[in-house]
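Here is a brief report on one protein model.

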Amino acid sequence: MNRSSNVLIFISFFFLSFTGKLNLVDAGDTASVILNSGNFEQLVMQSKDVWFVLFGAPWCPYVKQLKPEWDKASKALEGKVKFGELDCDVENDIQARFGVTGFPTVFAFGPDKCAPPTGVTERTADTLEKAGLSYYDKTQGCKMEF
C-alpha cells in the first residue's frame, strides 16, 4: 500500500466517525437500528411493532451519555420493543416532521401510527426497559389493522 492509499483510508475513517456512521469509540452490543430517510417509513411508520426512536446527533454529549444505556435497553427488550437511532444532522426532514428541537429526544411509536408518538423521558437502561415493557404490555391484545 502506498502513502496516498493510507491517507485515503485515514480520511475515510475520520469522515465516517465524524458523521456517526461508524462509531470508533464504542461499537457496543446493541439491537438498535440506524434509521434514515430511506428506511424510516418502512421500518417504523408501516410497522405493527412498538418502536423507541432516539433522535440525536453524534457530537452531542447528552446523546453520548445516553448511548450505553440505550444499547443495554435495546438488547434487553429485543423481540418486544424495537429500538432505532436517527442522526438529525443528516435527517433534517424527519427531525422537523416530529418537531424535534433538542437532543436527545426519544419517542415511542406504537402500533397505531395515526396517533402521535409519545415522548419518553427515561435515561437509564432500567427505566427505559420498564417504559418499554409497559408500552409493549399495553399494546398486547390490541387489534391492529392497516
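## Aromatic pairs

F52 and F83 are both buried (under 20% relative accessible area; over 50% is exposed, in between partly exposed; 1.4 Å probe, protein chains only). The relative accessible area of F83 is 2%. W70 and F83 form an edge-to-face aromatic pair, with 4.7 Å centre to centre and 70° between the planes. Rings of Phe, Tyr and Trp (its six-membered ring) pair if their centres lie within 6.5 Å; planes under 30 degrees apart are stacked, over 60 edge-to-face, and the rest tilted. W70 sits in helix α3 (residues 61-76) and F83 in strand β3, so this pair ties together parts 13 residues apart in sequence. Helices (H or I, at least four residues) and strands (E, at least two) are DSSP runs, numbered from the N terminus. W70 is buried, at 0% relative accessible area.

The count of aromatic pairs comes to 10. One of them joins F52 and F83: tilted, 5.5 Å centre to centre, 55° between the planes. That pair links distant parts of the chain, with F52 in strand β2 and F83 in strand β3 (residues 81-87), 31 residues apart. Ring pairs also link F40, F55, F98, F107 and F109 into a cluster.

## Model basis

This is a predicted model: local features need pLDDT of at least 70, side-chain atom pairs count only at pLDDT 80 or more, and totals for chains, interfaces and linings use all residues. Residues are numbered from 1 along each chain as its sequence is written, and side-chain values use heavy atoms, with hydrogens and water left out.

## Strand β4

Strand β4 covers residues 105-109. Five of its five residues are buried, so the strand is largely enclosed by the rest of the structure. Both faces are covered: T105, F107 and F109 lie on one side, V106 and A108 on the other.

β4 runs antiparallel to strand β2 (residues 50-56), joined by five bridges. Strands pair if DSSP finds at least two bridges between them. V53 has F107 in β4 as its bridge partner. Three bridges join β4 to strand β5 (residues 118-120), again antiparallel. Here A108 has T118 in β5 as its bridge partner.

The peptide bond from F103 to P104 is cis, with omega near -10°. P104 lies in the loop between α4 (92-97) and β4.
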